[in-house]
Amino acid sequence: MTFRPPQSLSRFETRSGVNVLEYELMAERADALGRNGLKVEKAIAALNRFDSSKDGPAVRERLLDEAADVVWAFLIQREICGLRDSRDAVRRYGIPKEVMARLGIIRKR
């Protein structure tokens, strides 16, 4: 059996230094997108674990703000990678509307 790489990768021949660099940049973008996706998962999980009987409304506000910041960075990273439609990511990660409403808001710290 022989191995043939996917045709989508055929433009990355190793003869050209530019193509190798382009391949490395694509790999780094994909890795950064994956890291940001993990941050989104953690932030949404922390928000879902919120217990109003134990924690006050200030804790929920902080969790919403943190989740909005992480999701905002993730969506920007997706756009850098050429993924313009965010609806799939919102569904996949289960991002609440409360978080989406806070995207891009600059808060006083």
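A: Helices here are DSSP runs of H or I with at least four residues, strands are runs of E with at least two, and both are numbered from the N terminus. The part in focus is helix H2, residues 57–80.

First, the ground rules. This is a predicted model in which local features need pLDDT of at least 70, side-chain atom pairs count only at pLDDT 80 or more, and totals for chains, interfaces and linings use all residues. Residues are numbered from 1 along each chain as its sequence is written, and side-chain values use heavy atoms, without hydrogens or water.

Confidence comes next. pLDDT is the predictor's confidence in each residue, from 0 to 100. The protein chain has a mean of 86, and 83% of its residues reach 70 or more. Confidence is lowest in H1, at a mean of 90, and highest in helix H4 (residues 97–101), at 95. Where pLDDT is low, the predicted coordinates should not be read in detail.

Now the setting. The protein chain has four helices and zero strands. Along the sequence, the pattern reads α-α-α-α. Contact means heavy atoms within 4.5 Å. Among contacts between residues at least 6 apart in sequence, 64% join residues at least 24 apart.

On to H2 itself. Helix H2 has 24 residues. From first C-alpha to last, H2 reaches 35 Å, close to the 34 Å expected at 1.5 Å a residue. That expected span is 1.5 Å times one less than the number of residues. Just after H2, Gly82 takes a positive phi of about 95°.

Which residues of H2 are buried? Buried means under 20% relative accessible area, exposed means over 50%, and partly exposed lies in between, with a 1.4 Å probe and protein chains only. In H2, the buried residues are Leu63, Leu64, Asp65, Ala67, Ala68, Val71, Phe74, Leu75, Gln77 and Arg78. Across the 109 residues of the protein chain, 24% count as buried.

Several of these names return in the core. A nonpolar core is a set of buried Ala, Val, Leu, Ile, Met, Phe, Trp, Tyr and Cys residues joined through side-chain atoms within 4.5 Å. The largest such core has 18 residues. Val40, Val71, Phe74, Ile95 and Val99 have the most contacts inside this core. Helix H1 (17–48), H2 and H3 each supply at least two residues of this core. H2 gives the most, with seven residues. Val99 is in contact with Leu47, Leu64, Ala67, Ala68 and Val71, leaving aside neighbours within four places in sequence.

Phe74 deserves a second stop. Rings of Phe, Tyr and Trp (its six-membered ring) pair if their centres lie within 6.5 Å; planes under 30 degrees apart count as stacked, over 60 as edge-to-face and the rest as tilted. By this rule there is one aromatic pair. Phe74 and Tyr93 form this edge-to-face pair, at 5.2 Å centre to centre and 75° between the planes. Phe74 lies in H2 and Tyr93 in helix H3 (residues 87–93), so the pair ties together parts 19 residues apart in sequence. Phe74 is buried, at 3% relative accessibility. Tyr93 is partly exposed, with a relative accessible area of 22%.

Asn36 sits in H1. Asn36 is buried, with a relative accessible area of 13%. Leaving aside neighbours within four places in sequence, Asn36 is in contact with Val70, Ala73, Phe74 and Gln77.

Arg60 belongs to H2. Arg60 is partly exposed, with a relative accessible area of 24%. Not counting residues up to four places away in sequence, Arg60 touches Leu47, Phe50 and Glu98. Arg60 and Asn48 are twelve residues apart in sequence and 9.9 Å apart in space, C-alpha to C-alpha.

Asp69 is another residue of H2. Asp69 is partly exposed, with a relative accessible area of 31%. C-alpha to C-alpha, Asp69 and Gly104 are 7.4 Å apart, across 35 residues of sequence.

Finally, the loop that follows. Ser86 lies in the loop between H2 and H3. Ser86 counts as partly exposed, at 25% relative accessibility. Ser86 is in contact with Leu75 and Arg78, leaving aside neighbours within four places in sequence. Both Leu75 and Arg78 are on the buried list of H2. The C-alpha atoms of Ser86 and Ile76, ten residues apart along the chain, are separated by 9.8 Å.
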